[in-house]
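User: I would like to go through this model with you piece by piece. Could you keep the answers plain?

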Amino acid sequence: KQLDPAVDEIAKKLSSVRNILLVLSGKGGVGKSTVSAHLAAALAHDNSTQVGLLDIDICGPSVPQIMGCSDHQVYQSGSGWSPVFVQDNLAVMSVGFLLSSPRDAVIWRGPKKNGLIKQFLRDVDWGELEWLIVDTPPGTSDEHLSCVQYLEKCNVRGAVLVTTPQEISLQDVRKQINFCRKVKLPVLGVLENMSGFVCPNCHHKSQVFPPTTGGASEMCENMNVPLLGSIPLDPRIGQVSDAGEFIFTRCPDSPAAKSYSEIIQRV
Ligand code: ADP
C-alpha cells in the first residue's frame, strides 16, 4: 500500500514523544474532553513529567476552555506551531486557538478536517514529551482512521474509550472496540464516566444513567478489554472545568479525584 509521505514526516516530528494515547468516545457529551484534560493534567501533576494535550475534535474544540487557556493564541515559528503552555510541563494545542472567537463554528468537510489533523500531527513543536494525549471527535469517523494512519510509525500506546454506564453509550463503545481491533489500535481500557451520583445532602447514591444491562464492567468482560475505572457524576467537575481548573486540585479528597489518580496508574 502507498503511504502518505506525511507518515514519515509525522514519525520524525513525534520521535521525541514516548507515549501517545488516543481518547475516544462513541457519543458526544459523555465527558471525553473533560477526561482527556484531566488525564493530561493528572499525568503532569508531579511537575517532572512532560505532557502534551492535542485537541483534534475539530467541530467542538472545548479543550482550551477546560484547560483555562481559551484567550491564548498559538504562534507559528520556523519549525512549526508552538503549543500553549498552561504550566511548565503541560502544553496544549487545539483548533480552538485558531478560531478568532470561541463562538465561531468550524464547519468543514472531511478532506479539510483530515488536512488539519495532518498539520497538527506534523507541525506542532512539542519537544520531548513523556505523554501526548489526543482528544478525538466523538464516534468513529474518517478523522479517526486518518489519525491512526498518520500515527502508524509513532509510539502509539493505544486508546482509552470513554462511556457513561448507559446501554446506548455502551453500544457505541462496542463498535469502537471493533474499530480499534480492525485498525490494530490497542485498547488500553474503558473509562466509565458519570457513573453514579452521591447526593451532597442525604449521601444517597443514585444512578443518573442507569445501566439496563451489566454496565461497563460486564461489557468489558464480554469484550475482553480492561475497565480502567469509574468517575462519578459530580457537579463540581463541571464547575471546575468551566473555571479552567481540575477536580484533583480544587477537591483533592473527592471520589472523582481519587479515581483519576488510580486511573493514571493503569494507563
Ligand atoms: P464530550 O467531550 O464527550 O462531548 P465534555 O467533556 O464536553 O463531553 O463533557 C460534557 C459535559 O459534562 C460538560 O459540561 C462537562 O463539564 C460535564 N462533565 C463531564 N464529566 C462529568 C462528571 N464526571 N460529572 C459531572 N459533569 C461532568
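User: Which residue in β7 is the bridge partner of glycine 52?
Analyst: The partner of glycine 52 in β7 is leucine 132. Please bear in mind that this is a predicted model. The two strands, β2 and β7 (residues 129-135), run parallel and are joined by five bridges.

User: What about β6, in which sense does β2 pair with that strand?
Analyst: The pairing of β2 with β6 (residues 90-94) is parallel, over five bridges. Within β6, serine 94 is the bridge partner of aspartate 55, and methionine 93 stands opposite leucine 54.

User: Is β2 enclosed or open, and why?
Analyst: Strand β2 (residues 51-55) is largely enclosed by the rest of the structure, because five of its five residues are buried. In a regular strand, side chains alternate between the two faces of the sheet. Here both faces of β2 are covered: Val51, Leu53 and Asp55 are buried on one side, and Gly52 and Leu54 are buried on the other.

User: In what order do the strands of the sheet come?
Analyst: The order is β5-β6-β2-β7-β1-β8-β9-β12, an open sheet of eight strands with mixed pairing. Its edge strands, β5 (84-87) and β12 (227-231), each pair on one side only. On average, neighbouring strands of this sheet are turned by 20° against each other, direction ignored.

User: Which strands does α2 touch?
Analyst: Helix α2 packs on the sheet and touches β1 (17-25), β2, β6, β7, β8 (156-163) and β9 (187-193). The direction of α2 makes about 170° with that of β7.

User: How many residues of α2 are buried?
Analyst: Twelve of the twelve residues of α2 are buried, so the helix is mostly covered. Among them are Lys32, Ser33, Thr34 and His38.

User: And what span should α2 have?
Analyst: At 1.5 Å a residue, the twelve residues of α2 should span 16 Å. The end C-alpha atoms of α2 are 16 Å apart, which agrees.

User: Turning to the ligand, which residues come nearest?
Analyst: There are 18 residues around the ligand, and those that come nearest are Gly31, Lys32, Ser33, Thr34 and Gly238. The elements giving two or more residues to this shell are α2 (32-43) and α8 (235-242). Of the elements, α8 gives the most, with four residues.

User: What is the make-up of that shell by class?
Analyst: The shell around the ligand has ten polar, six nonpolar and two charged residues.

User: Back to the sheet. How many bridges join β8 to β9?
Analyst: Strands β8 and β9 run parallel and are joined by five bridges. Threonine 163 stands opposite glutamate 192 in β9. Six of the seven residues of β9 are buried, so this strand is largely enclosed by the rest of the structure.

User: A new topic: at what angle do the axes of α1 and α4 cross?
Analyst: The axes of α1 (residues 6-13) and α4 (residues 110-123) cross at roughly 35° and come within 8 Å. On the α1 side the contact involves Ala6, Glu9, Ile10 and Lys13, which meet Lys118, Leu121 and Arg122 in α4. By class, the residues of this contact are three nonpolar, no polar and four charged.

User: Why does alanine 6 count as partly exposed?
Analyst: Alanine 6 counts as partly exposed because it has 18 C-beta neighbours inside 10 Å, and the cut-off for a buried residue is 20 or more. Alanine 6 belongs to helix α1. Leaving aside neighbours within four places in sequence, alanine 6 is in contact with Lys118, Arg122 and Tyr150.

User: Last item, the backbone. What is the phi of lysine 184?
Analyst: Lysine 184 has a positive phi of about 60°, although this residue is not a glycine. Most residues other than glycine have a negative phi. Lysine 184 sits in the loop between α6 (167-182) and β9, and is exposed, with 9 other C-beta atoms within 10 Å.

User: And where does asparagine 224 lie?
Analyst: Asparagine 224 lies in the loop between α7 (215-223) and β12. Asparagine 224 is not a glycine, yet has a positive phi of about 60°. With 8 C-beta neighbours inside 10 Å, asparagine 224 counts as exposed.

How values were computed:
Residues numbered from 1 in each chain as written. Predicted model: local features only at pLDDT ≥ 70, side-chain atom pairs only at ≥ 80, totals over all residues. Near = placed C-beta within 6 Å. Nonpolar A, V, L, I, M, F, W, Y, C, P; charged D, E, K, R; others polar. Pairing = 2+ DSSP bridges. Expected span 1.5 Å × (residues − 1). Axes fitted to C-alpha atoms, helices over the stretch in contact; angles between N-to-C directions. Contact = placed C-beta atoms within 7 Å.
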